[in-house]
Amino acid sequence: MSLVEESPDFLQVFSDGTVKRFAPGIVPASSEPSNGYQFKDVIIDSSKQITGRVFIPSDPTSLSKLPVVVYFHGGGFCIGSTTWIGYHHFLGDLSVSSQSIVLSIDYRLAPENRLPIAYEDCYDSLVWLGHQASCDPWLNKADLSRVFLSGDSAGGNIAHNVAVKTMRNSLIHVKIRGLLLIHPYFGSEKRTEKEMSTDQEAVGNVASNDMFWRLSIPEGSNRDYFGCNFDKTELSVIQWRNEFPAVTVYVAELDFLKERGVMYAEFLQRKGVEVKLVEAENESHVFHVFKPECEATRLLQKNMKEFIWNY
């Protein structure tokens, strides 16, 4: 048994198909209030092992129902969990600052479960939300006409693809008002200018990104798979202009994926989608997960709050 793929400190894949993941530390389930919010874990589909974590403000400032943020964690579709310390604190604080209910999804991971399984699991979480809101004492405070999809890195990619999937299915009982994509992870067979750089750091970033695509897209596919290349999204002109939700794309100045995030925002703009691009200066990829209490993270949460309450 030999090591065939590795992301140091996070993931090892062996020749016999064995996968080892290394979590950076987790927050266990609890219903005790913490820092102004409460949280609990939920089972979305036991047969598929889809679970989630719900965050609600301990003392909502409004007596009316609250908007819902459905969040998809990053990790190249292969690693990550809503229970990771950084995600937990970021999302709990976001619930308080935005006065929203946050439902964060633990979907099945690649390479054991290759795309489009993550998209299907996360779409199923919206179906579950639509049915569960009437019988869960926490979720019955949810305003299902004001649901927002968000996620970072691969989770931003998932938010885009789940939004597209909801547009094709009229049976879903929630209304997607907007997307908040944080440092989204996209790609294509055609390299960008930055990806063709011979700089050692750029070469390393391309190699890492390519590895996660190899592990996550269907076997036999390439980086022009629809889940990787947003340009392959199949919607009509009318759907893009009249039905696709408003979007804010968050990028970080020092992030290698910034280029792809800017390209995605420009793509949406050409399609007639209402889109805004926000850049965090002097910050790196998914800084909000590694530094959930820094000033840049607070600014990100403030911006997300404004977007949510404007829609």
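Biologist: Why does Y311 count as partly exposed?

Modeller: Y311 has 27% relative accessibility. Buried means under 20% relative accessible area, exposed means over 50%, and partly exposed is in between (1.4 Å probe, protein chains only). So Y311, at 27%, counts as partly exposed. F307 has a relative accessible area of 7%, so F307 is buried. Before you ask, this is a predicted model: local features need pLDDT of at least 70 and side-chain atom pairs count only at pLDDT 80 or more, while totals for chains, interfaces and linings use all residues. Residues are numbered from 1 along each chain as its sequence is written, and side-chain values use heavy atoms, with hydrogens and water left out.

Biologist: What makes F230 and Y264 an edge-to-face pair?

Modeller: Rings of Phe, Tyr and Trp (its six-membered ring) pair if their centres lie within 6.5 Å; planes under 30 degrees apart are stacked, over 60 edge-to-face, the rest tilted. The centres of F230 and Y264 are 5.4 Å apart and the planes stand at 65°, so the pair is edge-to-face. F230 lies in the loop between α4 and α5 (237-243) and Y264 in helix α6 (residues 258-271), so parts 34 residues apart in sequence get tied together. Helices (H or I, at least four residues) and strands (E, at least two) are DSSP runs, numbered from the N terminus. F230 and Y264 are both buried.

Biologist: And what is the pair of F307 and Y311 called, tilted or stacked?

Modeller: Tilted: 4.8 Å centre to centre, with 40° between the planes. The search of the whole structure turns up 21 aromatic pairs, and one aromatic cluster is formed by F77, Y119, Y185, W213, Y225 and F226.

Biologist: How do you know that K48 and D124 form a salt bridge?

Modeller: The rule wants a side-chain nitrogen of Lys or Arg within 4 Å of a carboxyl oxygen of Asp or Glu. K48 and D124 have N to O at 3.2 Å, so the pair qualifies. K48 sits in the loop between β4 (37-45) and β5 (50-57), and D124 in helix α2 (residues 117-132), 76 residues apart. K48 is partly exposed at 29%, and D124 is too, at 23%.

Biologist: What about R108 and D121: buried or exposed?

Modeller: Both are buried. Their side chains meet in a salt bridge at 2.7 Å, N to O. The total by this rule is 15 salt bridges, and E189, R191, D210 and R223 are linked in a network of them.

Biologist: Why are β1 and β3 said to stand at the edges?

Modeller: The sheet is open, with three strands in the order β1-β2-β3 and antiparallel pairing. β1 (3-7) and β3 (19-21) each have a single partner strand, so one side of each is left without a neighbour in the sheet. Two strands pair if DSSP finds at least two bridges between them; three bridges join β2 (residues 11-14) to β3, so that pairing passes. L11 stands opposite R21 in β3.

Biologist: Which residues touch the most other members of the largest nonpolar core?

Modeller: L129, L149, F244 and Y264, out of 99 residues. Such a core is a set of buried Ala, Val, Leu, Ile, Met, Phe, Trp, Tyr and Cys residues joined through side-chain atoms within 4.5 Å.
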